[in-house]
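Hi everyone, thanks for making time.

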Amino acid sequence: MHRFIFASVIVAIACFALSPGNRAQNADCAEAGTLSRETYFSAVSSHERKFTIYLPPCYNATDETYPLLLLLHGSDADDSQWTRLGFLNALEIAIQQDSAAPMIVLMPYGGALANKNRFNGISYDRILLDLLSQVEGRYRTNGRRAIGGISRGGFWAFHLGLRFADEFVAIGGHSPYFDREHAEPVDNPLELARSLRPDTHLQLWLDRGTNDHAADGIDRMHVILRQGGVSHQYVVQPGGDHSEATWRRYIEDYLNFYSRALDGSAAPEATVEQAGDDGLELWLPAAGFGALRTSIDSADLANLLGGQLNERLILSESNTDGLRRRGIDPHPRTQIVPDSKLFAALWRDKRSYTLLPFDQLHLRLRPLWLDDVPVVDQLARYPLVFQSEAPNFNSDRLTRITLSGTTAIARHTLPAVEAIGVEQAASGIREYARRSDYFHITHEASIAPTCPRHTGVELGGVNSMCMLRDHARLFDILDVDVVDLTGNHINDFGYQTFEDTLDYFAERGFALVGGGRNLEQARQPLILERNGSRIGWLACNNIGPYYAFANDDPDALGGRRPGNAYCRGGWLRETLPLLAAEVDLALLSVHYREFETYQPMHQQRLDYQTYAEWGADIVIGTAEHKPMTFEFYQTRRGETAFIHYGLGNLFFDQLPWGNRRFFLDTLYIYEGDLLTVELFPGIIDDRARPRLLAGEDLYNFLHFMFVQKNEF
């Protein structure tokens with residue numbers, strides 16, 4: 001998998017002045033490193049130009065050759081910027097302590113030319129190439145070069161380093177400024193990066209602050225490299241912005257990166273794991289995300305594999321050839337379309353489906369079940385799985401997370417569950433819920449000893465909700481893994497009741513997210529690591545009431561208390577990009593204001609899209625009492641975020657048509673990527689038993705959600 005670094009605050013190195021008293025520890029000389037500003041004649045611009053150069057300790061006392069580090073300044077700075085930030089002080093100390101190899105550091109002055117988007121004639125890239133040639137003729141270099149830059153200098157570092165990749169060992173960008181409109185594709189680093197191979201020799205570094213105004217372009221570069229399987233270090237600095245104060249704090253990290261690259265002590269890490277020899281070639285039935293079906297019958301599959309015509313089947317040309325190589329010859333009248341037309345054909349026909357290799361799944365396609373059971377749960381008897389020397393599936397690399405909506409075994413649901421028993425209440429979804437690696441419950445009402453009797457001191461008044469301890473056994477029967485604590489009724493029966501409920505959940509071994517005994521616990525991300533994927537999960541309550549929020553301020557309304565995390569913009573804006581940099585996928589589940597509608601309200605849509613822009617790959621609304629629509633949101637960083645604005649109720653007592661219907665969303669995460677989302681459309685019977693929809697009810701529900709309400 002890709003390796004990304006999660007930055008933590010590092011104490012800056014003390015200021016160190018270059019002076020004769022700071023000597024290199026060398027028995028043969030007593031020189032310190034030297035720093036000078038020099039001029040040269042540029043044949044490109046036909047003018048004298050300036051540069052600053054650092055020569056390592058004892059340069060004049062030996063005949064050794066040294067690696068060369070080219071460092072470029074930002075648009076509002078000059079060739080003193082890197083010195084001012086303390087890079088050379090840190091380097092001198094590191095050389096003395098033998099923790100960095102001696103190197104030559106070249107820092108040119110760019111002037112106005114460095115800010116021009118010009119890539120021929122008198123252009124900054126040609127100026128830099130000319131300078132490199134002259135400096136390497138004047139000083140003893142060994143042929144190993146690295147290049148890095150700040151802000152606008154970071155743009156030029158990646159521009160030059162990617163264009164002439166064979167001439168550098170490393171490229172660093174520190175708040176680099178990238179933009180799709182900044183240069184034509186032939187010169188734009190965002191496009192040049194697409195040509196990098198996963199086995200590139202280049203070591204790459206990107207960093208930015210959480211409040212960096214250049215974040216969009218940097219994130220886009222990170223996505224391009226990740227999608228290309230290119231190893232790189234991507235660091236989001238907590239609290240940092242686009243300023244020298246931020247860059248100065250992390251100058252030692254920058255030095256470590258360049259030093260290790262130039263002395264050859266660190267090679268790029270492998271980022272893509274290859275499938276083992278025992279892997280499988282798996283083909284799945286799949287449909288457009290807006291298809292009006294969730295499953296196919298094994299009898300229908302057997303017939304079409306036997307050569308019978310199935311008018312709902314659409315195959316691509318290459319997949320038809322692939323099936324034929326496996327001895328499966330589709331009926332001559334089967335609809336076969338060019339590869340580029342398959343998705344459009346499936347999207348137009350809501351009842352159609354296709355057969356395709358597992359690795360061709362993507363977010364806008366849904367895997368279909370076989371006989372109402374997920375295919376990956378019945379591989380032993382499934383006909384389209386083969387041993388292969390070119391495998392595309394390994395069950396040890398698949399992680400499934402199933403998310404659910406409102407669960408409040410309170411009010412009318414409480415006596416309904418009491419009447420049928422928790423085993424029967426769970427029976428309609430039990431088998432499906434237990435198949436996932438992680439099943440999620442949105443917890444709404446705490447376990448109260450007086451439940452359901454109100455004593456008059458409940459914080460929620462007559463609308464207060466509670467759950468019986470015996471009914472909490474439902475979580476064990478469903479094999480719940482993650483309890484989402486963002487419900488707005490969790491403190492209705494008092495803070496101690498919620499604390500006792502937390503004790504119960506801890507005894508049962510549930511992972512918790514979105515709530516806790518204090519604000520720090522409530523905001524703590526849940527990190528799930530399974531089958532080669534690392535998922536970071538945050539959860540929060542957007543609406544309140546105030547007493548449901550965890551609070552550490554004794555002077556605030558309600559004082560200190562346990563509770564859930566409030567979806568404060570500042571906290572999420574700071575935390576989501578940090579989390580996204582640490583994990584493969586960032587998931588945010590949100591308890592939003594409850595609307596009696598199937599479409600998101602305008603502000604809700606803006607908020608969820610903003611969460612995606614801040615770094616959430618998946619945003620799920622867990623509190624809406626009606627199922628709501630979906631969105632594949634294209635972020636400015638170039639990734640597609642999956643947004644489901646509301647799952648609907650799971651265990652709740654509302655009886656209207658829409659409030660009884662729900663979705664369970666199962667995320668298929670493979671090797672760190674969100675491959676696809678599987679839908680479990682359901683209905684709540686008798687206020688107490690959710691189950692799978694089938695037949696005409698299923699068709700009508702999907703038709704209502706996809707066709708009428710979501711423009712699918």
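**Disulfides, a helix and a cavity**

Let's start with two cysteines: Cys-540 is buried, and so is Cys-567. Keep in mind that what you see is a predicted model. These two cysteines form a disulfide, with the sulfur atoms 2.0 Å apart. The torsion about their S-S bond is about 100°, so this disulfide is right-handed. And where do the two partners lie? Cys-540 sits in strand β25, residues 533-541, while Cys-567 is in the loop between β26 (563-564) and α18 (569-582), so the pair ties together parts that are 27 residues apart in sequence.

How many disulfides does a search of the whole structure find? It finds 2. The other link I want to show you joins Cys-451 to Cys-466, S to S 2.0 Å. With 80° about the S-S bond, the link of Cys-451 and Cys-466 is right-handed. Both Cys-451 and Cys-466 lie in the loop between β20 (438-443) and α15 (473-477), so here the parts tied together are 15 residues apart in sequence. Are these cysteines buried or exposed? Cys-451 has 8% relative accessibility and counts as buried, and Cys-466 is buried too, with a relative accessible area of 4%.

Okay, on to helix α6, residues 215-227. Now, 11 of the 13 residues of α6 are buried, so the helix is largely enclosed by the rest of the structure. Among the buried ones are Asp-219, Arg-220, His-222 and Arg-226. So what covers them? The cover of the buried residues of α6 includes α4 (152-163), α5 (189-192), β8 (203-209) and β9 (233-237). After α6 comes Gly-229, whose phi is positive, near 70°.

What is the lining of the largest cavity made of? It divides into 7 nonpolar, 2 polar and 8 charged residues.

That's my tour, and I'm happy to take questions.

How values were computed: Residues are numbered from 1 along each chain as its sequence is written. This is a predicted model: local features need pLDDT of at least 70, side-chain atom pairs count only at pLDDT 80 or more; totals for chains, interfaces and linings use all residues. Side-chain values use heavy atoms; hydrogens and water are left out. Buried means under 20% relative accessible area, exposed over 50%, partly exposed in between (1.4 Å probe, protein chains only). Helices (H or I, at least four residues) and strands (E, at least two) are DSSP runs, numbered from the N terminus. Contact means heavy atoms within 4.5 Å. A disulfide is a pair of cysteine sulfur atoms within 2.5 Å. Ala, Val, Leu, Ile, Met, Phe, Trp, Tyr, Cys and Pro count as nonpolar, Asp, Glu, Lys and Arg as charged, and the others, Gly among them, as polar.
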